[in-house]
Amino acid sequence: MKQIEGVMYQTSAPKGKDPDKLFFVQVDADKCEGCGSCEEVCATGAIQSINDDDIHQVVDPAACMNCGQCLVNCPYGAIYEGVSYVDEILEKLKDPNTIVVSMPAPAVRYGLGECFGAPTGTYVGGKMHTALRKLGFDYIWDNEFSADVTIMEEGTELIQRVNEQGKKDARPLPQFTSCCPGWVKFAETFYPDLMPNLSSCKSPIGMLGPLTKTYGAQETKIPGKKIYSVSIMPCIAKKYEGMRPELDDSGFRDIDATINTRELAYMIKQAGINFNSLPDQRPDPVLGDSTGAATIFGNSGGVMEAALRLAYEVLSGQRLDNPDIKVVRTHEGINTADVKVPGFGTVKVAVASGLDNAAKLCDEVRAGKSPYHFIEVMTCPGGCVNGGGQPLDPEIRASLFRSTVAQINKRFRARKASA
Amino acid sequence: MKMNRRGFMKACGVMAGYAVLGVNLTKEAVASAMDFVAMRQKSVYNADAKLYKFRKSQDNPMIKKIYDPKKGFLHDGPCGHKSHHLLHTHYIDRSAHLQALKKKGLKFKI
Ligand code: SF4
Ligand code: SF4
């Protein structure tokens, strides 16, 4: 076990193992105080009391979506991560025969700075790219580039589905987004009958992995087999996604390793890099340049807004003068909107933040009562910026702790009074 | 001071089960965590509006390069043949294992 930015990690980098058998998140029974906060925030109930002391455990990986919301909400820091590739990445960075490429997600650059004392949400994209170069990554590619690719693919798929309706073999509407790995596993586990509604697009990292070893290999004239691709995510569930056996379309493992924001901060600190004094640098352009549409993927409602910026122009044949589509921006819960597109009509959309909310929209689809064309789902409330792999604010954990203690004390006193 | 709820519960002579604590245990703290999330979200929209030269995926020059109909790596366009091979996927029904756990008597929220 290793402590990384306030969270314990088991330092295993499982190779060739079935990710469905791994606990990406588990409770250290010695630290658990049985408060039940984790169970309360878990949408599936995978984490539950296992004995009379109310010690909690993730009872089976099949029920766990690997989101880490339990971990970030445990007031006692009793929940640890089961998989960490940090040690393996450090070895690969030293190996002159391996070309190591970095693939950071949009939300990482809005959280990483907090590990170095910056105010909450500070954008540190430029420093992040510089730090990755200093760590020895050979190519600084960016998952924001492939977020743009995702919009091209997923937006096009949506338009195809809309046009197919009424025809034979039409793919169903609504189309669900497929970029959030907690949500995808949730749909596969609890709503497999709705899999035809799930966009067939891989997530942005699911796309960047194979592009790195094919397109990237071609552009840099480096054989794909020498490339080691590192996915850097605000997320724990992306570790599960990276290990999915089917993600080998490049002819190799598409994604060799996955770490999260906390682990990247740890690597930067271990290397003795003074993060705050770093200059801002850009990623390497061909698989690195991106747009505002890509960076908003980190927020609930962001994938929706980015897709609409494309769909509007394709469906109407007109330019979208103001790219802000604020009605779909979602802080919590379920948000629905009618977006008027000239020459087409109304595009009906919904955004669900949190799997409990997603389940409500899924039930509507199942009942044949869903009015929407397109539904975005993010497992973590607020989106990836609040992902299970993001830095934990010490104040938040303290306030969780205080509220838990206060609640327990209140009940305790009430019971004594009535006894 | 380390608070030990196990001790509390035993002292109260209450049967085990956190359910007696009610469901609002973390509501307040989770609400303050959501303020924190709002700050990160705001920073994202600020970057979208101010830091990025292009704000639509289709305007990204590197997107135009990869989808270039003549020389692009994905020259057959979005959802084209090569995209289907590299960038699209299929899903796997994982419900059976969960059903088996339920049959064994485990309870979940859904
Ligand atoms: S939130 Fe932490 S301390 Fe409370 S029951 Fe869950 S694991 Fe145990
Ligand atoms: S990681 Fe998510 S799904 Fe798994 S037990 Fe924790 S909250 Fe529940």
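A:Glu88 sits in helix 3 (residues 86-94) of chain A. The model is predicted. Is A:Glu88 buried or exposed? Its relative accessible area is 16%. The cut-off for buried is under 20%, so A:Glu88 counts as buried.

What does the side chain of A:Glu88 meet there? One polar contact runs to the side chain of A:Lys15, at 2.7 Å. Another goes to the side chain of A:Tyr228, at 2.6 Å. Set aside the neighbours within four places in sequence, and A:Glu88 is in contact with A:Ala13, A:Lys15, A:Tyr228 and A:Asp256.

Now turn to the ligands. Ligand 1 has 13 residues around it. Those that come nearest are A:Cys32, A:Cys35, A:Gly36, A:Cys38 and A:Cys74. By class, the ligand 1 shell holds eight nonpolar, four polar and one charged residues.

Ligand 2 has its own surroundings. Cysteines A:Cys42, A:Cys64, A:Cys67 and A:Cys70 are among them. A:Ala46, A:Ile47, A:Val58, A:Met65, A:Asn66 and A:Gly68 also surround ligand 2. This shell counts eight nonpolar and two polar residues, with no charged ones.

How far can the model be read? Overall, the scores are ipTM 0.93 and pTM 0.92. Chain B has a mean pLDDT of 81, and 72% of its residues reach 70 or more. Among the elements of chain B, helix 3 (residues 61-66) has the highest mean pLDDT, 98. Helix 1 (residues 5-12) of chain B has the lowest, 40. Over residues 1-23 of chain B, pLDDT stays under 50. For that stretch, the model has 48 contacts beyond four places in sequence.

Note on methods. Residues numbered from 1 in each chain as written. Chains lettered and ligands numbered in written order. Predicted model: local features only at pLDDT ≥ 70, side-chain atom pairs only at ≥ 80, totals over all residues. Heavy atoms only, no water. Near = heavy atom within 4 Å. Nonpolar A, V, L, I, M, F, W, Y, C, P; charged D, E, K, R; others polar. pLDDT = per-residue confidence, 0-100. Helix = DSSP H or I, 4+ residues; strand = E, 2+ residues; numbered from the N terminus. Contact = heavy atoms within 4.5 Å. Buried < 20%, exposed > 50% of the residue type's maximum accessible area, 1.4 Å probe, protein only. Polar contact = N/O pair within 3.5 Å; in protein donor to acceptor, adjacent residues only side chain to side chain.
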